[in-house]
Amino acid sequence: MSQSNEPPLLHVERIEKRFETVKAVDGLGFEVKRGEVFALLGPNGAGKTTTVRMLLGINRPDAGSIRYSLPGAEGASAPPPHLVGYLPEERGLFKDTTILRTIAFLAGLRGVTREDARTRALEWLERLGLKGRGDEKVEALSKGNQQKVQFIASIIHRPAFAILDEPFSGLDPVNQEYFLGLLRELRDAGTTILLSAHQMQLVERVADRILVMSRGRAVLHGTLAELRREAGAGSRLTLKVAGAVDLGALRAHPSVLAAEAGPDGVVTVQAREGAELGPILAAAANVGAIEAVRTEEPTLHDIYVRAVGDDALKSEPTPAAEESA
Amino acid sequence: MNGHWRAAWLVSTWEFQRFFKIKEQLWSFAIMLGVGLAVFGGGTLVKRITDRETREGKNRVTLALENAAGLPVAAPEEGRIRFEPADATREELAAKVDAGDITGVLTIHGTDRAELLVAKSPTSWQGELAPILNAARSTAELARNNIAPEAVAAVLAPMPLEVAYTGASKKPASRADKVLAVAMVFFTSFAVFGGLATLFVGITGEKTQRVTELVISAISPQAWIDGKIIGHSLVAFAGVLNTLLSFVVFYTVMALLDLPFPDWIDFRGADPLFLLASGVLALAAFLMWFAFFSAVAATIDDPNTSARNAFLFLPMAPLGVAIGLLGHPDSAAALALSFFPPTAAPVLTLRMALSEVPLWQGALGFALVVATGWALRSLAAKIFTVGMMMHGKEPSWREMWRWAREG
């Protein structure tokens with residue numbers, strides 16, 4: 001992570017982008033600090049891809065500003081190609097050419113010589129379990145292996161800043177874990193990463209800071225701990241109850257945000273942020289015959305679903321609004 | 001080389017390596033050579049064989065001649081037709097025709113008409129008989145009217161016309177220049193049509209394969225489009241070169257086998273300056289068309305179904321216009337079309353071969369073609385920037401116009 005006196009690598013200020021009748025990005029602002037993994041999350045259509053394209057200079061914002069602090073590009077609105085790596089969500093490869101030639105070409109576009117590209121590509125292919133397959137055509141690879149080639153192509157030039165859009169998609173759980181390790185390794189080697197993914201359980205393990213978008217705006221922003229506070233979500237209790245379940249007392253308790261009964265006598269209780277668990281446990285005694293209790297912090301998944309869900313509800317027109325429309 | 005052109009060159013070499021297939025070029029070379037030799041050489045060989053057979057008395061046409069005194073006909077030695085006196089009755093002669101002993105019976109009715117009795121259609125040799133009869137009839141008519149053949153020849157001889165030029169005028173273009181002009185116009189169209197297929201695949205295919213976003217995050221859309229234009233131009237030039245090479249080998253083989261080929265195909269005596277001027281015009285026109293088609297391709301979502309494929313036929317229009325002006329190279333229309341970018345190159349090239357084109361006209365026409373190509377190249381990049389990331393629908397003309405203005 002960067003020193004506090006260093007300027008952020010990327011400063012985004014109130015950017016907007018409109019397409020025809022849709023405002024894809026609406027006053028979005030954030031900073032990406034040097035050496036961090038910054039996660040940009042949001043549901044489909046939240047404006048993530050549009051934001052990423054603006055960060056890369058593919059599209060220009062209608063309003064607001066983007067400023068990079070990169071060697072030789074201080075204050076630039078788009079990063080120099082040799083300093084940025086990009087794994088787009090909409091991705092593909094030249095299927096009729098060989099793996100090595102494809103990587104060498106894409107690396108060449110980012111300033112890597114043919115010899116260096118070949119050497120580095122062979123190293124990466126070996127690391128990712130594709131040793132000896134460099135001369136095969138891309139179309140011979142499985143979807144997961146094509147994903148690996150795309151990943152190699154996006155970071156082979158050792159960029160200062162990597163934008164990885166859905167890097168885990170198409171990978172099996174083992175390879176997802178491996179990629180998680182690769183991201184940490186890249187970060188430790190000095191690459192700042194902007195990550196967009198839907199696998200919340202993976203994101204929360206690697207992201208230093210997180211921004212959740214919905215309808216083109218930021219709805220949550222900060223570290224995971226900050227997000228928990230911002231979302232107002234406290235610990236979660238899971239009770240195993242024998243026999244009949246009565247949630248009346250729990251739901252009426254002021255420190256309880258929600259209480260749900262599941263199958264097999266499992267009761268889930270979501271406490272409010274900062275609430276003490278003792279009084280809640282006391283109230284839980286009225287639920288029934290408790291056999292087991294487990295407490296856990298709210299996951300990113302929980303926070304995300306709650307934040308995005310709340311925002312979606314806000315966007316639902318009220319009956320009055322519907323009448324007036 | 002600056003960053004833009006370095007990136008463009010990288011894209012162009014990549015495209016060339018992807019789309020120039022040496023094995024296919026060799027096959028194409030062999031097929032063109034084979035077809036050329038089969039068409040021209042094969043025909044000549046067949047004629048030689050039939051001529052030899054004729055000399056050896058095979059394929060002979062023997063006609064019994066009745067009433068020969070009415071019109072003295074004589075068959076040339078080298079031809080297939082031979083006459084023999086009709087020394088039998090009509091029925092006996094007809095029987096001989098049916099039996100195949102003779103080909104037919106030719107009955108002369110003075111200079112009025114002749115009658116031919118055959119068992120099979122005379123189509124294959126009737127063309128040989130007609131001049132014999134015509135010559136005999138002309139000779140008889142001239143004699144009957146007391147006209148000397150020399151007098152007829154003098155009457156029919158064309159009037160010699162000698163053309164002289166003042167010192168200020170340029171000398172007329174040689175026949176080689178005229179042939180070269182037509183060849184240049186033809187090969188420009190050949191290169192455009194030949195290269196369009198790979199250009200379209202190169203642009204729309206990349207869109208289909210979802211590679212574009214990855215590429216243009218690294219280089220500017222202008223560098224990308226320039227690279228595409230250069231790379232696919234090189235592929236097209238390689239195709240033209242291959243065709244020209246197969247022509248050279250074809251003529252060499254024809255010469256080695258002592259086979260005749262059209263005498264108008266002779267570029268000896270062509271003016272090097274004309275070659276240079278027409279070549280530069282052709283190159284500019286070619287690049288202009290490629291810039292135009294790269295813009296069209298950038299808007300196409302699915303090349304198999306897009307109505308915009310019809311644009312592919314557009315380069316044929318200037319050809320038709322240029323050919324229509326062949327007889328009027330100095331007309332007002334020819335002058336106007338010399339400055340209209342789509343027609344400028346073929347019209348100027350043909351005008352240079354058929355008439356005289358002032359330097360300023362050639363320079364202005366060339367400059368307009370280059371400027372149009374340059375503008376189309378910029379337009380293509382602007383349309384491409386937005387259009388290439390549109391999947392599932394093609395941008396409307398209004399959208400494209402807006403992008404071009406805003407880009």
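Before anything else, I note that two strands pair if DSSP finds at least two bridges between them. Helices (H or I, at least four residues) and strands (E, at least two) are DSSP runs, numbered from the N terminus.

I remind myself that this is a predicted model: local features need pLDDT of at least 70, side-chain atom pairs count only at pLDDT 80 or more, and totals for chains, interfaces and linings use all residues. Residues count from 1 along each chain as its sequence is written, with chains lettered from A and ligands numbered from 1 in the order in which they are written.

**Sheet.** I looked up strand β4 (residues 63-70) of chain A and found three bridges joining it to β5(A), antiparallel. Leu70(A) sits opposite Ala73(A) of β5(A). The open sheet has four strands, ordered β2-β1-β4-β5 in chain A, with antiparallel pairing. At its edges I find β2 (22-32) and β5 (73-76) of chain A, each pairing on one side only.

**Confidence.** I checked pLDDT (the predictor's confidence in each residue, from 0 to 100). Chain A has a mean of 87, and 94% of its residues reach 70 or more.

**Chain contact.** Which chain gives 14 residues to the contact, and which 17? Chain B gives 14 and chain A gives 17, where contact means C-beta atoms, placed from the backbone, within 7 Å. On the chain B side, α1 (3-19) and α7 (212-216) of chain B each give two or more residues.

How values were computed:
Contact = placed C-beta atoms within 7 Å.
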